[in-house]
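Me: I'm new to this one. Please walk me through a few spots.

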Amino acid sequence: MTRAVIALGANLGDRGSTLRAAAAAVAALPGVRPVASSREVESVALTLDGLDTTKPRYRNGVVVVETDLAPQELLDALHGIEDEHGRTREVRWGDRTLDLDVIALDDLRIDTDTLTVPHPRAHERAFVLAPWADADPEAVLPGHGSVTTLLAALGDDTDRVDEPRLFGRAAQEVTP
């Protein structure tokens, strides 16, 4: 099985409910076993032009799973979950009901037209690093190092949300 790190984000609709439903949908995928999840964080919307405080704020989180799905199969399944939550793709880095990104797959390095892992900008994004460190304090981003060290160097500009972890208690009791 491969350990996959998946980042979740939303800035439209009931963001928290959407993230929790999406995390449950990821955990329920055939060939996927939940390992750990983060609490939610909020952040200013990041657009192609940079941070934009006029846009709705994002809710973000991270789930860690083990999977026997091939990388493209996992990505396709995640796109299906996004579609079920009304995701559209008209504007790159635009507002969205749900965004699911594969951040890492063990130490694999993949660069295809549809999937790049490790995620090429994860080390620059506190809204990925902060929840990832919450889900797995010992995590390492391949090619970049310790997630907690990267977050400390970058600075954490996210705000914690007072909600339970994205996976339910039973999933959280599964040990890595």
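**Loops and a helix pair**

Me: Where does Pro 118 lie?
Reply: Pro 118 is in the loop that runs between strand E9 (116-117) and H3. Helices (H or I, at least four residues) and strands (E, at least two) are DSSP runs, numbered from the N terminus. This is a predicted model, where local features need pLDDT of at least 70 and side-chain atom pairs pLDDT 80 or more, while totals for chains, interfaces and linings use all residues. Residues are numbered from 1 along each chain as its sequence is written, and side-chain values use heavy atoms, without hydrogens and water.

Me: What kind of peptide bond joins Val 117 and Pro 118?
Reply: A cis one, with omega about -5°.

Me: OK, new topic. What about Asp 106, is its phi positive or negative?
Reply: Positive, about 50°, although Asp 106 is not a glycine.

Me: And where is Asp 106 found?
Reply: In the loop between strand E7 (99-105) and strand E8 (110-111).

Me: Back to helices. How do H3 and H4 cross?
Reply: The axes of H3 (residues 126-135) and H4 (residues 147-154) come within 9 Å, crossing at roughly 135°. Axes are lines fitted to C-alpha atoms over the stretch in contact, with angles from 0 to 180 degrees between N-to-C directions.

Me: Which residues make the contact?
Reply: From H3, Ala 126, Leu 129, Ala 130, Trp 132 and Ala 133; from H4, Val 147, Thr 148, Leu 150, Leu 151 and Leu 154. Contact means heavy atoms within 4.5 Å.

Me: How many of those are nonpolar, polar or charged?
Reply: Nine nonpolar, one polar and no charged. Ala, Val, Leu, Ile, Met, Phe, Trp, Tyr, Cys and Pro count as nonpolar, Asp, Glu, Lys and Arg as charged, the others, Gly among them, as polar.
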